[in-house]
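Please look over the protein below before reading on. The text after it goes from the whole chain to single residues.

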Amino acid sequence: MFQCPICEQNTSIPVGGASVLPQNLHLGFEVEVAGYMSKMTSNSEVCCDKCVDGRNGLAVVICCMCRQFLCKHDRDHHSSSRKLSKHKIVGLDQEGARQLHTTMKPRDHYCSQPNHEDNKLNFYCETCSLLVCLHAVTHNGHTMTDISTLAKTHQMEISGALEDANEVVTKLTGAIDENNRMIEQVEISKRNAFLAINQAFEILQQTMEERKKTLLSELEAISLSKTTALTLQKEQFEKMVGDIGHYTDMASQILQTHTDHEIVALGGLIPTELQATFRRVQTISLTPNQYSNISVSVKTDDLVRHLSKLGEISVFFPSPSSCKWISTSVAKVGTRYHVKVQSKTSKGEEYPHGGVEVKGEMRSKTHNGAVVYGEVEDHRDGTYTITLTPQTAGPHQLLITMDGQHVQNSPNDLDVRPKRDYHTLCNAQQVIQCNRPYCVAIHDNGDIYVGSNDHCIYEFDQTGQLKNTIGSYGSGDGQFSHPFGISIKGDVLYVADGGNHRVQKLTSSGKFLHKFGQYGSGQGQFYWPVSVIIDSNNKLIVSDSGNHRIQIFNENGGWLLTIDGKGSGNHSFQSPWGLALDPQGNIHVAAEGSNTIKVFSKEGVYVRMYGDPNGPRGLAIDGEGYSFVSENSGYCLSIYDPEGNKIHTVGNLKNPYGTALDPRDGSVFIADYGANTVLKYCVNI
């Protein structure tokens, strides 16, 4: 066995010895250089390779080109020769050896066969795996390749291998960095766990100490109470003993020293006082009024058993099958689509660290399976955001993987919708005749609901044919007075019953279910409610126009929040009318009295404003965030992009009120009060 000095691999010497090993010109060159360097750095004298005529000079330098050791004489001759003066000459020491190794170049290789000594090895016999010259007769009929051509091939292979190596090293370096980061995370986790353990046991110790103090305090109080009671009783006994002693001493003295006359005079007093004391003794208990025992019960068995098992050190890691993801509701061509991934352990607990390899892709089921790869942002808290921008419309598959394994519900079907062009919105494709329409809403099945100045709600089918009339004028359940706003979700219809200052809840067929609100300015009261919408959590958002505010209720009409428009500043508004929700859940308010659109978060915090509509009433927002604003005093419909820039206007309207979008195809509906019509505009895609 021997070790190759180039690749450092061990190999066996084949039968036939080293002479049958494959040619290794580089190894031969390295051996040659090593031989020179060994002579240069040894303490032995080196003879000059050029000395002739009986001279035996000692070498002081070596020529890297000629590969000859030279004495001083031949060095000077070498340097003065025009042909040899440019050769690199180095001294015979460590520095010279270092320069020799970097300066000496491999020499041309010539054939070793007899009579071929002047022929360079310019070919490679692939049959024998040998470098040969052009006249190598013994290789006739073998596969021969020009060495320059073969070298180029090998150069390309080596370059490719280097690129692959760089890519692999980059991945490995990234893995090393990730391991280092994970080691740091382990230390952080250890410190956090250490602090948590100490904190938990400090709390236990504090609780135990506080309990100990409480028990000792109770013990002291009980002991003091018993001692005080017994002491008072003892003092009572002692007083009675003292009283009896006083009269007995007096009686003894009288009997011994007093005359009969004195005894007769005092004899009645002493028995009377003693009898009074005896009676007092009979009325009280002579038994101690307190028991001496004070018992304590501190059951430690269960506590010790639980403390012995208190706490658990666990190692957890994300489990792809437990991980969940959520995404924006609609994917559209050319629009960024976001997916949020939450990593979880196999127990369903949230994994609080990043560093896991998460990938996302959107694969078309048509268009030759075109794939869009997502950009992944690691938030380092166990959550990841994947952003994809689909390029084609139609059915797709969304694939989310974690460490190469699919997460829960992956792959998942996804329908990518084409991007809509609102610039072509010009002429209405459908006109529904309706007396003084206030508002319009579209059912998922395509039916069209219209609130009318006839104090009822008309239901039309998709072709515009009347199907049903809901309600009539009045203040009873299911009756209306100016139904300014309607909203429908599933088979439930909500109506902003303006003149009755309330909101009514009905089935889509018109059956009364519930109502809430009355005239006033308090919480849950209304002064001309004109619009109602429903958010994703079934909260009802009502435009309380006369009170210049927005009120938010739960689905049963319980008041939750008020967005007050009164006052000054960006948050203020007057006479709010239309309401709509953007894809982020923000509330957009068409403030008719302020001629602007105000935006608030779902918590009621002011976000921004946009537009300069003239008397905005109707408001609708599509899944991409485009806003549709009907301008009652501007006689038009204005369209704004998600940033609030006006991009298009549809004119020639009479007196537009409500606006709605068809959830199926995005068609735009406008209730034109002044024209007694409901207009439908189809969107080009």
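The model is predicted, not experimental. Its secondary structure comprises 7 helices and 42 strands. Along the principal axes, the C-alpha atoms occupy a box of roughly 175 × 120 × 50 Å. The radius of gyration is 51 Å, whereas a compact globule of 685 residues would have a value near 26 Å. Buried residues make up 36% of the 685 in the protein. Among contacts with a separation of 6 or more, 47% join residues 24 or more positions apart.

Helix H4 is the element to trace next. This helix runs over residues 147-257, a total of 111 residues. From its first C-alpha to its last it reaches 158 Å, which is close to the 165 Å expected at 1.5 Å a residue. Which residues of H4 are buried? They are Leu-150, Arg-181, Gln-185, Lys-226, Ala-229, Gln-233, Met-240, Tyr-247 and Ile-254. An α-helix has 3.6 residues a turn, so residues three or four places apart point the same way.

Ile-294 and Lys-226 are separated by 68 residues in sequence, but their C-alpha atoms are 9.6 Å apart in space. Ile-294 sits in the loop between helix H6 (269-283) and helix H7 (301-307). Leaving out residues up to four places away in sequence, Ile-294 touches Leu-219, Ile-222, Ser-223 and Lys-226. Is Ile-294 buried or partly exposed? Ile-294 counts as partly exposed because its relative accessibility is 36%.

Ala-671 belongs to strand S41, residues 668-672. Its relative accessibility is 0%, so Ala-671 counts as buried. Not counting residues up to four places away in sequence, Ala-671 touches Pro-437, Tyr-438, Cys-439 and Val-440, then Asn-655, Pro-656, Tyr-657 and Gly-658, and also Thr-677 and Val-678. Leu-653 is 18 residues from Ala-671 in sequence, with a C-alpha to C-alpha distance of 9.8 Å.

Trp-559 is placed in strand S31 (residues 559-564). Trp-559 counts as partly exposed because its relative accessibility is 33%. Apart from neighbours within four places in sequence, Trp-559 is in contact with Gln-523, Gly-524, Gln-551, Ile-552 and Phe-553. Lys-539 is 20 residues from Trp-559 along the chain, and the C-alpha atoms of the two are separated by 9.9 Å.

The remaining positions are in loops and concern the backbone. Where does His-548 lie? His-548 is in the loop between strand S29 (540-544) and strand S30 (549-553). Its phi is near 55°, a positive value in a residue other than glycine. At 25% relative accessibility, His-548 counts as partly exposed.

Tyr-635 also has a positive phi, near 60°, and is a residue other than glycine. Tyr-635 lies in the loop between strand S37 (627-631) and strand S38 (636-640). With a relative accessible area of 45%, Tyr-635 is partly exposed.

The last backbone feature concerns a proline. The peptide bond from Ser-410 to Pro-411 is cis, and its omega is near 0°. Pro-411 lies in the loop between strand S17 (405-406) and strand S18 (412-417).

How values were computed: Residues are numbered from 1 along each chain as its sequence is written. This is a predicted model: local features need pLDDT of at least 70, side-chain atom pairs count only at pLDDT 80 or more; totals for chains, interfaces and linings use all residues. Side-chain values use heavy atoms; hydrogens and water are left out. Helices (H or I, at least four residues) and strands (E, at least two) are DSSP runs, numbered from the N terminus. The expected span of a helix is 1.5 Å times one less than its number of residues. Buried means under 20% relative accessible area, exposed over 50%, partly exposed in between (1.4 Å probe, protein chains only). The radius of gyration is taken over C-alpha atoms; the globule rule is 2.2 Å times the number of residues to the power 0.38. Contact means heavy atoms within 4.5 Å.
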